[in-house]
Amino acid sequence: MPKVSEDHLAARRSQILDGARRCFAEYGYDGATVRRLEEVTGLSRGAIFHHFKDKDGLFLALAHEDATRMADVVAQEGLVQVMRDMLAQPDQFDWLGTRLEIARRLRNDADFRRSWSQRSAELTEATMARLARQKSAGRLRDDVPTDVLIGYLDLVLDGLVARIASGQAGDNLSAVLDLVEESVRRRD
């Protein structure tokens, strides 16, 4: 039997994740049935679950990939820039539905909550590092603890994601983000 190359396996895994992201975004976790996953990926359930233990493993891999991508942007440009990018190009953020599904599952699924907390540390670390650099450079207010700033920015992000995902992104959201950005800057 011929050996499959690592490149082929990586391409197949990427194909599955891309299709699953669309499926979870459109139908939610519960509605993303195995049949629908087969349809959007163009692969059989055997091919899908050769790469992922089960649907939950697939969703976690997808959520982790999205969190890693977001952490990279946060580390370079900050969380407010991620939000600005979401407003400017919402079609480039197909993980919005995934983020909403993560929030729902965190509330309702203890096993998922445990698994996710291990995987979401990367995003929190990227945000903390960015804020620490900003504080050191004198750009960020120092009268508020970093963990409070992170909680604040996460809350704003979650609200923005919910607003965009529900189709209610208003014209004034850019001004709202200006206000958020100004509220975390150091006041001289």
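This is a predicted model: local features need pLDDT of at least 70, side-chain atom pairs count only at pLDDT 80 or more; totals for chains, interfaces and linings use all residues.

Trainee: K55 has no salt bridge, so which side chain of opposite charge is nearest, and how far away is it?

Mentor: K55 is buried, yet no partner is in reach. A salt bridge needs the nitrogen within 4 Å of a carboxyl oxygen. The nearest side chain of opposite charge doesn't make that cut-off because its distance is 5.2 Å. That side chain is D30, at 5.2 Å.

Trainee: Which residues does K55 touch, leaving out those up to four places away in sequence?

Mentor: D30 turns up here too, as one of the residues that K55 touches.

Trainee: On to real pairs: how many salt bridges does a search of the whole structure find?

Mentor: Side chains of opposite charge can pair when their charged atoms come close. This chain has 28 positive and 31 negative side chains, and the centres of the two sets lie 3 Å apart. Searching the whole structure gives a salt bridge count of 12.

Trainee: Take the one between E65 and R21: how many residues apart in sequence are the parts it ties together?

Mentor: The closest N and O atoms of E65 and R21 are 2.5 Å apart. E65 sits in helix α4 and R21 in helix α1 (residues 6-31), so this pair ties together parts whose separation in sequence is 44 residues.

Trainee: And is R21 buried or exposed?

Mentor: Look at both ends of the pair. E65 has 31% relative accessibility, which makes it partly exposed. For R21 the relative accessible area is 2%, and buried means under 20%, so R21 is buried.

Trainee: What about R45: which residue does it form a salt bridge with?

Mentor: R45 is partly exposed, with a relative accessible area of 43%. UniProt, in an unreviewed entry, places a "DNA-binding region" at residues 33-52, and that stretch is 75% helix and 0% strand. The closest N and O atoms of the R45 pair are 3.5 Å apart, and the partner is E38.

Trainee: Last one, on the whole chain: what percentage of its residues count as buried?

Mentor: The C-alpha atoms fill a box of roughly 70 × 35 × 30 Å along the principal axes. The accessible surface comes to about 10,800 Å², with 49% of that belonging to carbon and sulfur atoms. Of the 188 residues, the share that counts as buried is 38%.

How values were computed. Residues are numbered from 1 along each chain as its sequence is written. Side-chain values use heavy atoms; hydrogens and water are left out. Buried means under 20% relative accessible area, exposed over 50%, partly exposed in between (1.4 Å probe, protein chains only). Accessible areas come from the Shrake-Rupley method with a 1.4 Å probe; for residues, only the protein chains shown count as cover. Lys and Arg count as positive and Asp and Glu as negative; His and the chain ends are not counted. The place of a charge is taken as NZ of Lys, CZ of Arg, CG of Asp or CD of Glu. UniProt positions are given in the numbering used here, feature names are shortened, and annotations may be inferred rather than shown by experiment. Helices (H or I, at least four residues) and strands (E, at least two) are DSSP runs, numbered from the N terminus. Contact means heavy atoms within 4.5 Å.
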